[in-house]
2 protein chains.
Amino acid sequence: MILHGYWRSGAAYRVRIALALKGIAYEQVTHDLRTDAQASDAYRALNPQGLVPALEADGDVLTQSPAILEWLEERYPSPALLPEAATDRTVVRAMAATVACDIHPLNNLRVVQALQRDFGLDAAAVQAWMARWMGDGFAALEVMIARHGRGFAFGDTPTIADCCLVPQVYSAERFAVDLTPYPQLMAAVDRARALPAFQAAHPDRQPDAG
Amino acid sequence: MILHGYWRSGAAYRVRIALALKGIAYEQVTHDLRTDAQASDAYRALNPQGLVPALEADGDVLTQSPAILEWLEERYPSPALLPEAATDRTVVRAMAATVACDIHPLNNLRVVQALQRDFGLDAAAVQAWMARWMGDGFAALEVMIARHGRGFAFGDTPTIADCCLVPQVYSAERFAVDLTPYPQLMAAVDRARALPAFQAAHPDRQPDAG
């Protein structure tokens, strides 16, 4: 299995965590997000979006981290990263989507670069933009985790919600977003970050870390 | 079943399509996105994010359209909106995520309002911003649909990819985004829009359409 990623990509980080939790061995190919290298013609032939991550597995190229997480769960069901009951699965997926659809897309590198280049936003304005969307999303996740978490974001074992949440908090800390209003969320994140699988997936531990 | 939505919400539109394709009866409660009504305390008690859609079903409140689509598929498996083979399911989910994670989040009402209010973007700048992200995503989807579509976005029956794509094209047409570079995508969209279920879910056909 080959993971096309980048050490600081939050979406690639999610997939690294899931691979580590499931104990799947893989190789990494890095695509430097700062230089558009991921959008080379060769890479676009694999992944038409030219984004990371993409996972080469079983002779296919899988794209989009939410889809890859679902594939990993279907193909390697143990340990499970989704609960069994239909409603519980939906809660976990909703937590993951809060990160993947409502927080991360507004704060990732290509969007921040566009804000800086097209509208001349300075560092302070970019930080305020990021803090705004992270704050909205984290506030909702704090309520959901208080309702459904028992150690982890949902229940007492890691799920795809933790796979998405830990990378988003990594980004929040990097950009100095205040996390003190979210104690339940941070307790779940700290619990997850103590696990070897989450540690192995950390950006600083990747071969392309700079 | 009660769908909390808004006629022009692209995310609620996705869920209406899936409900209609599966022949599920439901009531609608509208939350006017232009006036923050969806963020009332009463609604936030149901959905901590205060966004639409939310689906009240089986005594629970389900949130986040990608999670709701997966729940509908698990709870009402026929007609299937995901293919059977694991890789095929991943392709469909990747198409859906291209809309739900990479296009829609950058163009929805709360983000456009923030760009206008915080950075003073005028109508032309907003239109250029929207066209940029829709163009990036549609270009990738055009390649994916050319590879995998046989009438619909994937294969020869509707999937959750079409549930996400049709509302995004509705938005693109509303904001005058050029769609001529995406003939395969538009052929799939036109095929889907000809179906009664897609027609019943159209914004203009909803009770709160203004």
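**View 1. Ile2(B) and its bridge partner in β3(B).** In this predicted model, Ile2(B) has Glu56(B) as its bridge partner in β3(B). Strands β1 (residues 2-5) and β3 (residues 54-57) of chain B run antiparallel and are joined by three bridges. Strands here are DSSP runs (E, at least two residues), helices are runs of H or I with at least four, both numbered from the N terminus, and two strands pair if DSSP finds at least two bridges between them.

**View 2. The hairpin of β3(B) and β4(B).** Four bridges link β3(B) with the antiparallel strand β4 (residues 60-63) of chain B. Look for Ala54(B), whose bridge partner in β4(B) is Thr63(B). Two residues lie between the strands of this hairpin, where Asp58(B) takes a positive phi near 55°.

**View 3. A salt bridge between the chains.** Here the side chains of Glu74(B) and Arg93(A) meet in a salt bridge, at 3.0 Å from N to O. The term asks for a side-chain nitrogen of Lys or Arg within 4 Å of a carboxyl oxygen of Asp or Glu. Chain A and chain B have twelve salt bridges between them.

**View 4. The contact of chain A and chain B.** Each chain brings residues to the contact (heavy atoms within 4.5 Å): 45 from chain A and 45 from chain B.

**Notes.** Residues are numbered from 1 along each chain as its sequence is written, and chains are lettered from A and ligands numbered from 1 in the order in which they are written. Local features need pLDDT of at least 70 and side-chain atom pairs 80 or more, while totals for chains, interfaces and linings use all residues; side-chain values use heavy atoms, without hydrogens and water.
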